[in-house]
Amino acid sequence: MLRWLKGLGARPSEVAELQARIDPELWRRVLDAYPFLRALDEAERAQLLARSAWLLASKHINGAQGMEVSDFMALSIAAQASLPILNLPPSLYEGWNEIIVYPAGFRIPRTRQDAAGVVHEYVEDAAGEAWEGGPVVLSWEDAQARADAFNVVIHEFAHKLDLQAGEADGMPGLAAHRDLPPRQWRRVLEDSLDRFTAALDAVEAAIPRHIDPESEEADAWYGQLPLDPYAATDEAEFFAVSSEHFFVDPAPLAEALPQWYGLLRAYYRQDPLERLARLEGGP
Ligand SMILES: [Zn+2]
């Protein structure tokens, strides 16, 4: 009990027991539902199953607003969340113990103090949230397979990797990565964020005035970018959004920001570009 309360991972025997109970047919359905999981080879699938079992044995997944979390939902969330740590130690996800699942997007009350000292209260629509030392909150509607590169599960768990090393600043812990000096990470991160922000500025300037930048019509312009515009918010969001694109739709990212892609590939110890190319070229 104390282990769990402290957010430590489950014991190997508990993980093995849980893994043995995962229905192979359900597991296949989960992998088939997401193209970026379908692309995994046999060895990667076995590793993802072990990581997913670790996650399910180590975290409580609770439905919010009266929602029942089915086995398919829990396994879908665990599999997506485990992809970033496929070749990393699961201990990077320790220190907290709950995943809360809302049926759809949820609203978060916010307070912000402006430069004049005035406090503003407002609500923000969200598809997910990651609390420092606390739960990951997800919208199930947004955690299902989609046609675009948006992936709320990978996004929030990338924030967890970032937070595990201290504040959310786009720099995950690099202690296990001797090949990645923090200074190099910082330099490539800042340079890539600058380039992306410049590309976003150029796209925004190119949108004709009669088109509302918030409308769907404007998507044709934003679609030219290698990442969702939200990535320009700050370093933490740049890392989280980049991680979504890295795993789900890596080609535009690898082409536009090759150094950043290379750094993410070295950090995650995976090459989704090669993996997905194999899927497209395969039978
Ligand atoms: Zn975020």
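Q: By class, how many residues in the lining of the second largest pocket are nonpolar, polar and charged?
A: This is a predicted model. The second largest pocket has a volume of about 320 Å³. Leu 18, Leu 56, Asp 71, Ala 74 and Leu 75 are the closest to its centre among the 14 lining residues. By class, the lining has eight nonpolar, two polar and four charged residues.

Q: Which residues are the protein donors of the zinc ion?
A: In sequence, the donor residues follow the spacing H-x3-H-x77-E. His 155 sits in helix α8 and Glu 237 in helix α11, 82 residues apart. The donor atoms lie 2.1 to 2.7 Å from the zinc ion, and they belong to His 155, His 159 and Glu 237.

Q: Why is the arrangement of the four donor atoms around the zinc ion irregular?
A: Ideal angles for four tetrahedral donors are 109.5 degrees. To count as tetrahedral, all angles must lie between 85 and 135 degrees. Here the arrangement is irregular because the donor atoms subtend angles of 53 to 144°.

Q: Are His 155 and Glu 237 buried or exposed?
A: Buried means under 20% relative accessible area. Both His 155 and Glu 237 are buried.

Definitions and conventions. Residues are numbered from 1 along each chain as its sequence is written. This is a predicted model: local features need pLDDT of at least 70, side-chain atom pairs count only at pLDDT 80 or more; totals for chains, interfaces and linings use all residues. Side-chain values use heavy atoms; hydrogens and water are left out. Donors are N, O and S atoms within 2.8 Å of the metal (3.2 Å for Na, K and Ca); water is not among the atoms, so sites may look incomplete. Four donors count as tetrahedral if all angles lie between 85 and 135 degrees; four count as square planar and six as octahedral if opposite donors are over 155 degrees apart and all others between 65 and 115; anything else is irregular. Helices (H or I, at least four residues) and strands (E, at least two) are DSSP runs, numbered from the N terminus. Buried means under 20% relative accessible area, exposed over 50%, partly exposed in between (1.4 Å probe, protein chains only). On a 1 Å grid over the protein atoms alone, a cavity is a set of points where a 1.4 Å probe fits but cannot get out, and a pocket is an open set with protein on both sides within 12 Å along at least five of seven lines; lining residues have an atom within 4 Å of a point. Grid points are joined across faces, edges and corners, and a volume is the space filled by probe spheres set on the points. Ala, Val, Leu, Ile, Met, Phe, Trp, Tyr, Cys and Pro count as nonpolar, Asp, Glu, Lys and Arg as charged, and the others, Gly among them, as polar.
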